[in-house]
Amino acid sequence: MSETLLKVSDVATAYGAIEALKGVSLSAADGEITCLLGPNGAGKTTLMMTIAGILKPRRGSITLRGEEVAGRAPRHIVERGIALVPENRLVFPDMTVEENLRAGAFSRDDAAEIGRDVEAMFTRFPRLRERSAQNAGTLSGGEQQMLAISRALMARPKLLLMDEPSLGLAPLIVEDIFRIIRELNAEGTTIFLVEQNAHMALRIANHFYLIEQGRVVFDGTPGEVEEEEIIKRAYLGTEV
Amino acid sequence: MDEYLVQVLSNIGMISFLALSAYILLITGEISFGQQAFFAIGAYASGIATAMWGWGFWPGLVWGAAAAGAAAFLLAWPTLRMRGLFFAIGTLAFAEMVRLIFEIFRYQVEIDGELVGPNGSEGFRGIRYIFEQDISAFHYMLLIYAVLAGVLALLFVIERTRLGAIWRMLGEDELLAETEGVNRTYYKVLATVVAGAVAGIGGALYAHMNTYLEPKIFNVMLGVHSLAYGLIGGLGTAFGPLIGVGIDIGLLESARIFSGYRMIVFGGLVALLLIFRPRGLLDEAAVHALVAWWRNTFSSPAKRSGGSGRPPERPGA
C-alpha cells in the first residue's frame with residue numbers, strides 16, 4: 001500500500017446535541033480510490049463536510065500528508081489541496097457554466113493558468129464548452145454533475161472528495177461518471193468517494209470502509225470480501 | 001428645465017442610492033427591509049455636520065456615508081447567522097429601532113439666535129447648506145447624478161472583479177461558496193457595510209435637497225420600495241434597480257396617471273413581474289444574452305466565438 005494522503009483519526013462531529021460522527025478513523029492512500037459505504041444517516045455526508053472544513057469536528061484529527069487540517073477554515077483546506085464535489089451536483093444555478101468553473105479556481109490567483117484549466121475542462125467535457133455561456137441551472141442532471149466535478153478540479157486538488165456523484169442519474173450517465181473517476185485517478189488524483197451505488201463503487205475502489213451510525217464498522221479490499229455481504233451491510237446496516 | 005421635472009429627476013436620483021443599497025444585499029442573497037435606516041443615518045449625520053458643525057458639503061457627505069457604513073457594520077454581526085425571513089425581520093426591527101431613536105433624539109445648538117439640530121419627532125430643520133451656497137435645484141440635480149454615476153461606476157468595477165463574483169457566489173449558494181473556500185463572514189459583512197454606505201450617500205443628498213428631515217419618512221414603506229426596485233428592474237446588473245426606480249417614480253408617480261391607485265398598480269406590477277420574470281427585467285440570463293450579443297456584434301471576427309470555437313474570455317477575470 002502506498003503512502004497515506006488523508007488520515008482521519010477519532011473524528012466526532014455533532015449537530016447540536018446529536019452526534020453524527022462518534023469517533024471515525026480511516027485513511028486514504030495516495031493515488032488510490034477509497035470508497036465509503038453505508039446506509040442512509042450513517043454520517044457519510046457529515047464526514048465529507050467535516051473533512052472539507054464546512055463542519056467543525058468536536059474532537060479528533062484530520063491530516064493531509066501529515067499536516068493537521070481539522071477545524072481549519074474551508075479556504076485553508078482548499079488551498080492545501082482538498083476539493084469537495086458536494087452531494088446533489090450543486091452548481092451556482094444563475095451563473096454561467098464558465099463562471100462556475102472560474103468559481104472553482106477561487107483559491108488560485110494565476111489568471112493565465114486558470115484560463116488554461118478552463119480550456120482543459122472544456123476539452124474533457126465538450127458538452128460544457130457548448131454550454132459555456134448558458135446558466136448552469138439549465139443543464140441536465142448529468143451535465144450539472146460534470147460541471148460540479150470540473151469545478152472541483154479547477155482547484156487542482158490532490159484529494160478529490162466526491163459525495164454520491166451518481167445520485168439520481170440515468171444508468172448510462174452513471175457509467176460515464178465512473179469512467180471519469182477512473183480517468184482522474186489514473187492521472188494522479190486521489191479520490192475519496194461516498195457512494196450508494198455499491199456495485200459500481202466496489203468495482204473501482206482500491207479500499208473501502210463501511211460506516212454505520214457514525215462509526216466505521218468494517219473495512220477491507222473489494223476482492224477479499226464477498227461483495228454480497230458488503231452490499232447487504234452498506235444498504236441495510238446488518239451484521240456480517 | 002421645468003422645476004417639477006427637476007424635482008422628479010432629483011427624487012429618482014436619490015432613491016436610486018437606496019435601490020442600489022438593497023441590490024447589493026440582494027445579489028449576496030439577503031433580503032433587507034431595513035436599508036432606509038442607513039438612508040436616515042446618512043441624512044442625519046451629514047445634516048448635523050453641515051448645519052451644526054459648519055462642515056462643507058463634501059466632508060458632510062463622506063461623513064454621512066461613513067456613519068451609515070459604521071452602523072451597517074454593527075448590524076452585520078448580530079444578523080450574520082440569520083438567513084432569509086429571519087434576516088428580513090432582523091433588518092426590519094433594526095430600521096424601526098433607528099427610526100424610533102430619531103423620534104426621541106434631541107441635539108440642538110444655537111446658531112444666529114436660532115436653535116438648529118434634530119428635535120425628536122419635530123424633525124430636523126435648517127439643513128440649508130445648498131440654499132446658502134446659492135446652488136440651484138437644477139445644479140443640485142446634476143450633482144446628485146454625478147455622485148450616482150460615481151457609485152454606479154464603482155459597482156460596475158466591483159461586478160467585474162473577484163469581489164463581485166464572490167458576492168454572487170454567496171447569493172447563489174452560501175454553502176457551495178464556502179466549499180470553494182470563500183470566507184463567508186468577511187464578504188457578507190463587507191457587503192452589508194458597502195450597502196449601508198451607499199444608502200448613507202443617498203440620505204446625505206436627500207437631507208440637503210429637502211433641508212428638513214422628519215423621522216417618520218424613514219418608515220418601512222421606504223424599505224419595501226427599495227427592495228421592489230431591484231426585483232422589478234432585475235438583479236443581473238446594477239442598472240436593473242435603476243430601471244425599477246425609473247418605472248416606479250418616473251412613470252407611476254410623476255405622471256400621476258393612476259393617482260390614488262398608484263400603490264395598487266405598483267403592487268400589481270411587482271406581482272406580475274414575480275410571475276413572469278422572477279428575477280426582474282434585466283435578470284442574469286438577460287445580461288448574459290446581452291453580453292454575448294455585444295461580443296458577437298462588436299468584437300472582431302477573429303475573436304468571434306462560434307459553437308465550437310474558443311470561448312471568449314470573461315472581462316476582468
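1. Salt bridges across the model. Over all chains, this predicted model holds 30 salt bridges. One of them joins B:Glu30 to B:Lys188, with the closest N and O atoms 2.7 Å apart. This pair links distant parts of the chain, its two residues being 158 residues apart. B:Glu30 lies in the loop between helix H1 (3-27) and helix H2 (35-52) of chain B, whereas B:Lys188 belongs to helix H9 (residues 184-210) of chain B.

2. Extent of the interface between chains B and A. The size of an interface is often given as the accessible area lost when the parts come together. Here, chain B and chain A bury about 2600 Å² between them, and 61% of this area is on carbon and sulfur atoms. The contact involves 28 residues of chain B and 30 residues of chain A.

3. Specific pairs across the interface. The count between chain B and chain A is one salt bridge. Its partners are A:Arg151 and B:Glu180, whose closest N and O atoms are 2.6 Å apart. Four residue pairs are in polar contact between chain B and chain A, counting pairs with both residues at pLDDT 80 or more. On the side of chain B that touches chain A, H7, helix H8 (174-179) and helix H13 (284-298) of chain B each supply at least two residues. The residues of that side of chain B comprise 10 nonpolar, seven polar and 11 charged.

4. Packing of H6 and H7 in chain B. Two packed helices are described by the angle between their axes and the distance between the axes. For helix H6 (residues 137-160) and helix H7 (residues 162-172) of chain B, the axes come within 4 Å and cross at roughly 75 degrees. H6(B) is therefore roughly perpendicular to H7(B). From H6(B), the residues B:Ile158, B:Glu159 and B:Arg160 meet B:Arg162, B:Leu163, B:Gly164, B:Trp167 and B:Arg168 of H7(B). The residues of this contact divide into three nonpolar, one polar and four charged.

5. Surroundings of A:Gln196. In chain A, A:Gln196 is located in the loop between strand S8 (190-194) and helix H8 (198-204). Setting aside residues up to four places away in sequence, A:Gln196 touches A:Gly38, A:Asn40, A:Lys44, A:Glu164 and A:Tyr235. With A:Asn40, A:Gln196 makes a polar contact from side chain to side chain, at 2.8 Å. A:Gln196 and A:Pro165 are 31 residues apart in sequence, and their C-alpha atoms are 9.2 Å apart in space.

Conventions: Residues numbered from 1 in each chain as written. Chains lettered and ligands numbered in written order. Predicted model: local features only at pLDDT ≥ 70, side-chain atom pairs only at ≥ 80, totals over all residues. Heavy atoms only, no water. Axes fitted to C-alpha atoms, helices over the stretch in contact; angles between N-to-C directions. Parallel < 35°, antiparallel > 145°, perpendicular 65-115°, else oblique. Contact = heavy atoms within 4.5 Å. Nonpolar A, V, L, I, M, F, W, Y, C, P; charged D, E, K, R; others polar. Buried area = accessible area lost by both parts, 1.4 Å probe. Salt bridge = Lys/Arg side-chain N within 4 Å of Asp/Glu carboxyl O. Polar contact = N/O pair within 3.5 Å; in protein donor to acceptor, adjacent residues only side chain to side chain.
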